[in-house]
Amino acid sequence: MGRPTLVVLTTGKEAFVRANAVLQMTLMVRRTKQEMPVELLLLGPGVEVLRSNQKNSPQFEQQLAGLREAGVRITVCEVSLESLGLTKDQMFECETVKGGVEVATKLAEDWNVLTF
């Protein structure tokens, strides 16, 4: 089955092409091993990918919907949201977690952790 994978995106809208590539890669990881849990954690500037009111929102919304449909758990760091002055109601559908705790938990559970 393979080890579960946590993909951590710390790149925001300042590097749209990179963020876009990470979303596509996350979907391919999930499609390759459908029985393997995959989670996308948006951390730091990466939370901007989830903002529903920005120039690239329609493209990100479509990609995030595809990830959800494929069974990827999408999470956002609540501390990062607060530090950027954002609220969950400004975001596309996601779960909030404490980013550092989430990474530490997944490492303790022997997940692969990929950071971009």
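The following paragraphs describe the fold of a single chain and then one of its helices.

The structure is a predicted model, in which local features need pLDDT of at least 70, side-chain atom pairs count only at pLDDT 80 or more, and totals for chains, interfaces and linings use all residues. Residues are numbered from 1 along each chain as its sequence is written, and side-chain values use heavy atoms, without hydrogens and water.

The chain contains 4 helices and 5 strands, where helices (H or I, at least four residues) and strands (E, at least two) are DSSP runs numbered from the N terminus. Read from the N terminus, the order of these elements is β-α-β-α-β-α-β-α-β. The radius of gyration, 13 Å, is close to the 13 Å that the globule rule gives for 116 residues, so the chain is as compact as a globular protein of that length. This radius is taken over C-alpha atoms, and the rule is 2.2 Å times the number of residues to the power 0.38. Of the 116 residues, 44% are buried, meaning under 20% relative accessible area, while exposed means over 50% and partly exposed lies in between (1.4 Å probe, protein chains only).

Helix α4 spans residues 99–108, and its buried residues are G99, E102 and K106. These cover an arc of only 60° around the axis, which puts them on the same side of α4; the arc is that of the directions from the helix axis to the C-beta atoms. An α-helix has 3.6 residues a turn, so residues three or four places apart point the same way. The face turned away from the buried side carries the exposed residues G100, V101, L107 and A108. Just after α4, D110 takes a positive phi of about 65°.
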